[in-house]
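Hi,

Here is the structure I promised to pass on.

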Amino acid sequence: MIVCVKQIPDPAAPGALDGATNTLKRDGKLILDDSDAYGVEMALQLVDKAGGGEVSLVSMAPNGETSGLRTALAMGAARGVLVSDSALQGSDALTTAKILAAAITRLGGADLIIGATESSDGYTGTVPEQIAELLGLPSVTFAKKVSVEGGVLKVNRQTENGYDEVTCALPALISVTAGVVEPRYPSFKGIMAAKSKPVEEVTASDLGITPVGWAGAGQKISSITQAEARQAGEIIEDDGETFTKIVGFLENLKVI
Amino acid sequence: MTLNNIWVFAQVANGAPTSSTLELLTKARSLSSNVTAIIGGDGASAAVLGEFGATKVYAVNHGASLPGVAIAAALKSVIDGGDTPDLIMFPQNYEGRDVMSRLSVKLDKTVITNNVDITDGGDGVTVVTPIFGGNTLVATTFTGAGPFLAAFRPKSFVAESAGGPAAAVTAVSVPDLGAAGSAQVIAVHVEETTGPKLDEADIVVSGGRGLGEAANYALIEDLAKLLKGAPGASRAIVDAGWVPYSYQVGQTGKVVKPTIYLAAGISGATQHMVGMKGSKNIIAINKDKEAPIFGVADLGIVGDVHKVLPKLIEALKARG
């Protein structure tokens, strides 16, 4: 089982763009994307149910950062491959998918590859499906319930109006929605064990992928502007009677 | 450059093209007179697709296969056959994302998602993507040769009929997909909702974590019903299992632009704001006066939703 994880800047801190490159600043400490914690948990649960197997991680970062990977290792993943290369900055989603697909192949492939539906910082939302296409695998995106029965993958896939029941042969790739399972908190023992788990660091050229970064992207940033801000409204402390303010507001708009 | 040939990934729900489809067709025909709609299934909706600007329809009947892999393979075969689009526009939703991701690999072309606008100027084709909850707009220009692949958020454009004739339908068969085609839909489940649809309602009342517990969501439903609006939710309480996913407003849920949006117990995470910032009037109730939601509210009540909502509901009921 292989889980694709992303290490992102802490979402609690305000995001910023690097003025020189117009890319999201990812130079500080990176954490495990919350969206990916669900995939890691799902993989660990499926391995438990299967009674054997191992969860590996693949990730890509421009600066050799592993703190987010260590969180996933502390949850119970066995090992990781980090593709780290300053040339990766500015890579588009397709290049990212090529890198991760090559890292998955380097690990020898998997019965099931898990990703999140989208990351919490870049949220392009195409990488898992692109990886499946690159590896020639079937895929089920937006999985909200997952089981493996008799070697067949069964997924409830989120749709606009409900969900579809989907079956799929293995090997396959799925992207899981947030809330699909409750991610475990790493135990103290897990955190200690994670420190000695192997994380192999490779470059894009080790994987035979060039060009990467801006050179490989079929796009360039042409401008960045501030959107027109909404006018600040009236903010009032509730004194027990503020509901009348809301009633008045609705009356003014003639909806009541 | 000039966009001579634009494809739009169209979708049909309950027998009619979706609103996102009509929005994209309207925009596409302003950029080119040669617009093709791609549809999964048959060409039954060709009249409406033509009315909104499509001159041609490629209908891909993918059966029980998930559309992503099947439609992408069919489109690749059309492109290999000599009909090469300059631009393919996708709606930012499940099927759109799957098809464009698969196709981007087959064509070895980049994809740009989450856009709200597109222009075709002397410098090339440029799309606009809001980031940081919509506070910053990034304009990105495609480089190299097309086809350019871009996905657009719902309600980025206003759908207008062009009064065009029915589009000509060409059936496109799905090539052998091999192992990649093994995902099959075996059953479809629809979560029933009553009242107006969330993304079409004139009034939306949404609840979040501040409600405290799932049972209190009844306050949101009561208020929405009184105002003849639709109930919505933040991702936090959808993830917590209080309400179905179909209630979710935000980046990964529905994008709403109602006349009135009332957010109760929602702090205003970027993920949520992206889905509701376009509302004409925003009312927010939250006990934390530093909550980001107050930055976009026209009327903000710093208070306890458990106190304010019941009184508001009583007052509205008293009016009959």
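Predicted model: local features only at pLDDT ≥ 70, side-chain atom pairs only at ≥ 80, totals over all residues.

**What I found**

Residues are numbered from 1 along each chain as its sequence is written, chains are lettered from A and ligands numbered from 1 in the order in which they are written, and side-chain values use heavy atoms, leaving out hydrogens and water.

Back to helix 7 of chain A (residues 243-252): its buried residues are Phe243(A), Ile246(A), Val247(A), Phe249(A) and Leu250(A). Buried means under 20% relative accessible area, exposed over 50%, partly exposed in between (1.4 Å probe, protein chains only). What covers these residues includes strand 17 (281-286) and helix 8 (305-318) of chain B.

Now strand 5 (residues 79-84) of chain A. Five of its six residues are buried, so it is largely enclosed by the rest of the structure. Strand 5 of chain A pairs with strand 4 (residues 56-61) of chain A in the parallel sense, over six bridges; pairing takes at least two DSSP bridges between two strands. One of the bridges has Arg79(A) as the partner of Ser56(A). Strand 11 (residues 199-202) of chain A also runs parallel to strand 5 of chain A, joined by four bridges.

Over in chain B, Tyr217(B) lies in helix 5 (residues 217-226) and is buried, at 3% relative accessible area.

Cheers

How values were computed. Helix = DSSP H or I, 4+ residues; strand = E, 2+ residues; numbered from the N terminus. Contact = heavy atoms within 4.5 Å.
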